[in-house]
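Here are a few friendly notes to read alongside the structure. Take them in order, with the model open beside you.

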Amino acid sequence: MRTISERSVCVLVCIAVGLASIISSAETVSYSVKTVYHVHLKLLKITTSSLVISFGVEPKHSNTKYQIRYQKEGANHVILINHMTSGENYEISDLATNHLYNVCVAAVFDNLPEYVTCKDFRTLPTMRSDSIMALIFTLGLFGLVVIAGWIYWKYRFVTSQKKFDMIGSETDSKEAVALTSADSAEGSPELKCKQVVCSIEENDSNMAQL
């Protein structure tokens, strides 16, 4: 009886342990299925040889490790960088100018699959010699237009000033001619004779009254 009892206890203990492990596994699987993580990746700044990114995971999870992977277009090797924290600005430097890069951020959890987000970014091109020549040509053409406009305005201004001066001189000459004619009329012999006759007649009338 004692042997049977011990065996029964062992069986019950084994069953309990098995049930507990099954329940724990079910909870883990249920939690893993229900929780969906998303890794966000944002470009903050890009230059000819570098780019600055910000990244993180939602919803937040404790003990999350991050891995940054980037690869230049056409290259066979991938560069890996391990990073421990999120929410910080991270700079990827020493990049080639005017090249496309595939940048990925992976969030690695304990006892969970990793989540990865990838985006493509292109570094800025440097200004080439033909671009510099085009810029110089554009600026020179703009300067010529400005100078031509100034010359045209100056020509119109000088022409208007000359016309104004000519009109003023013609008016002055007409006034001078009119004044000369008046002076000539006052000093003519006929006018003087008329004045003398009028003076004599006035004296005769005065004498008659006396």
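1. Let's begin with a pairing: strand β5 (residues 90–92) runs antiparallel to β2, with three bridges between them. Within β5, Y90 is the bridge partner of I53. Helices (H or I, at least four residues) and strands (E, at least two) are DSSP runs numbered from the N terminus, and two strands pair if DSSP finds at least two bridges between them.

2. A word on the source: this is a predicted model, where local features need pLDDT of at least 70, side-chain atom pairs count only at pLDDT 80 or more, and totals for chains, interfaces and linings use all residues. Residues are numbered from 1 along each chain as its sequence is written, and side-chain values use heavy atoms, leaving out hydrogens and water.

3. Strand β2 (residues 51–58) also pairs with β1 (residues 38–46), antiparallel over eight bridges. A hairpin of four residues joins β1 to β2, and H40 has G56 in β2 as its bridge partner. Seven of the eight residues of β2 are buried (under 20% relative accessible area; exposed is over 50%, partly exposed in between; 1.4 Å probe, protein chains only).

4. How confident is the predictor? On pLDDT (confidence in each residue, from 0 to 100), the protein chain averages 76, and 61% of the residues score at least 70. Strand β7 (residues 115–122) has the highest mean, 94, and helix α3 (residues 189–209) the lowest, 55.

5. Lastly, please look at M133 in helix α2 (residues 129–186). M133 counts as exposed because its relative accessibility is 56%.

Terms used:
pLDDT is the predictor's confidence in each residue, from 0 to 100.
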